[in-house]
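Here's a quick tour of a structure for anyone planning to compute on it. Have a look at the coordinates before reading on.

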Amino acid sequence: MTIGTVTNSKAKPVNIGEAVQKARDAFNRGVTRPIEWRRKQLQSLMRMYEENKSAMVEALKKDLRRCKAEAELLEIDYLTNDLLSVLHHLDEYTKPVLPRKGIVNALDEVIIYNEPYGVTLIIGAWNYPLQLLLLPAAGAIAAGNAVVLKPSELAVACTTFIAETLPKYLDNDAIIVIEGGPQETTELLKQKFDYIFYTGGTNVGKIVYEAATKHLTPVTLELGGKSPVYIDNSADLVITVKRVLWGKFINGGQTCIAPDYVLCSKEVQDKFVEEAKKVIKEWYGEDPQKSPDFARIINSRHFSRLQALVDASKDKVVVGGNYDAYDRYIAPTVMANVLPSDKVMEDEIFGPILPIVPVENAYEAIKFINEREKPLVLYVFTSNDDVHESFVNNTSSGGMCTNDTMMHMGVDTLPFGGIGNSGLGAYHGKATFDTFTHKKSCLKKSFFPIAEKLASKRYPPYTEGNVKFISTVMRKRFAPSLKFLPYILAFALGAGVSYGVCYWQKVASDDL
């Protein structure tokens, strides 16, 4: 997930400084602030998805040989559903928030305004070239920002689609696409932006972060890392193998949250390998290279990197291991008895290679994980709640998913992001809107005479009585917790009913 060195030769030359200034002029004129402008742009973006679905599928096929099912489910439908949610909640997201007030501000208004940052830069990635660029763009537009989009030059067909299609639907003054490679990205990072959102590798993420600090520009960095999987002997292995391999092999393993390696006992490893052979054959046939459902590596450079990982651990390969440079094909590959020192364990794999590192137990797995950089996501497969809690409480990761892979991405109420080397900040659902929104706090005081009379105690001369009065008024006070109130009311109601029944029984008895 790094910015590459291949530039789209069809890219139109553009003066980047002028393009950014154009977006800033639009923002300064107030073009992007009205809610109706934002709604219109988002509706137009939805229309673009609906009217160009086939073209998007075709572009993804050209860049990654992505099958139609994965193209639709992982990119187009994902974008559409996110946008439907943004449009549905737009009024709710944008309205000012009225937080709780203390006694000191009982007569005042306390408000948090959702204010756009200004001109935002969104740098996309090649592995999901549409989703990872357009999903944050929708959030930035919803928040009222002007947006400069930089698609990845490695996904040539998708970049061409975005550059040619997006301007037909959206405001060309406030939403601008910049094509190009490292040179254009470097020039973009010299400009002053009000927010930068970058998806890619950690090394380039550090460069983006460094550039942002020159202007004290806030950033979101969606990076990657070696996301581990722990499997214990209580897991349903038939289901576990399918869920791990699905997360690993979709998009040819080129997914930032793909399971990077497995930690398990040797007993579980042996069972996993045998089940993996069955599953891979069931999914992709005798020869996965002929399967229409298995993607290809993005370019020759990344293919060579993955080929070197396979060659370095040929003796560890128990499933797959073959490749074809001409087709940029790396077979679905599983390695067993991998050592922490093996080359495949050095960096994020980002391909269809799954190493298994044997460990004795959960404690050893936790120790192994904690000795390395914090991962983007941690996967745990277990039927033991204590094991789950042990990983929750004793590891740190951007996110966590238990007994499945990837599926946490589909829960838009869960913010998605990394920690440490795996990223900074989060998005998805409302979190995307919040990412591109400055929460501007406002205290609106009144001129009521009684309010001024009370407030005048703060003015000099500072008498002991005035200071004591102010301290008393400002002291934090908290009402008793009401969490047990429903139980108390239920008890009281039950007691009352019981008393009533007894009373009427006595009355009836007396009448007789």
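Let's begin with the charges: the chain has 59 positive and 60 negative ones, and their mean positions are 7 Å apart. In that tally Lys and Arg are positive, Asp and Glu are negative, and His and the chain ends are left out. Each charge is placed at NZ of Lys, CZ of Arg, CG of Asp or CD of Glu.

Before going further, some ground rules. This is a predicted model, with local features reported at pLDDT of at least 70 and side-chain atom pairs at pLDDT 80 or more, while totals for chains, interfaces and linings use all residues. Numbering runs from 1 along each chain as its sequence is written, and side-chain values use heavy atoms, with hydrogens and water left out.

How confident is the predictor? The mean pLDDT of the chain is 92, and 92% of its residues reach 70 or more; pLDDT is the predictor's confidence in each residue, on a scale from 0 to 100. Where pLDDT is low, the predicted coordinates should not be read in detail.

**The overall picture**

The chain has 17 helices and 19 strands. These are DSSP runs numbered from the N terminus, with helices being H or I over at least four residues and strands being E over at least two. The C-alpha trace spans about 85 × 75 × 50 Å along its principal axes. Of the 512 residues, 50% are buried; buried means under 20% relative accessible area, exposed means over 50%, and partly exposed is in between, using a 1.4 Å probe and protein chains only.

The chain exposes about 25300 Å², and carbon and sulfur atoms supply 56% of that. The areas come from the Shrake-Rupley method with a 1.4 Å probe, and for residues only the protein chains shown count as cover. Among contacts with a separation of 6 or more, 72% are between residues 24 or more positions apart.

**Salt bridges**

Side chains of opposite charge can pair when their charged atoms come close. The structure holds 26 salt bridges, each one a side-chain nitrogen of Lys or Arg within 4 Å of a carboxyl oxygen of Asp or Glu. Here are some of them:

| Pair | N to O distance |
|---|---|
| R24 and D194 | 3.0 Å |
| D108 and K445 | 3.1 Å |
| E115 and K440 | 2.7 Å |

Take the R24 and D194 salt bridge, at 3.0 Å. This pair links distant parts of the chain, 170 residues apart: R24 sits in helix α1 (residues 16-28), and D194 in the loop between α7 (182-190) and β5 (195-199). Both R24 and D194 are buried.

Next comes the bridge between D108 and K445, at 3.1 Å. D108 is in the loop between α4 (68-94) and β1 (109-116) and K445 in the loop between β19 (437-444) and α15 (449-455), so the pair ties together parts that are 337 residues apart in sequence. D108 is buried, at 5% relative accessible area, whereas K445 is partly exposed at 48%.

E115 and K440 form a salt bridge at 2.7 Å. Since E115 belongs to strand β1 and K440 to strand β19, the pair ties together parts that are 325 residues apart in sequence. E115 counts as buried at 19% relative accessibility, and K440 as partly exposed at 35%. Elsewhere, salt bridges that share partners join K22, R29 and D173 into one network.

**Backbone spots and a buried threonine**

Most residues other than glycine have a negative phi, and most peptide bonds are trans. Which residues are joined by a cis peptide bond? They are P460 and P461, with omega about -5 degrees, and P461 is in the loop between α15 and α16 (464-474).

N251, not a glycine, has a positive phi of about 55 degrees. N251 lies in the loop between α9 and β8 (261-264) and is buried, with a relative accessible area of 0%. F350 also has a positive phi, near 55 degrees. F350 is in the loop between β12 (333-335) and β13 (353-358), and counts as buried at 5% relative accessibility.

Finally, T240 lies in helix α9 (residues 237-249) and is buried at 3% relative accessible area. Leaving aside neighbours within four places in sequence, T240 is in contact with I231, A235 and F381.

Definitions and conventions. Contact = heavy atoms within 4.5 Å.
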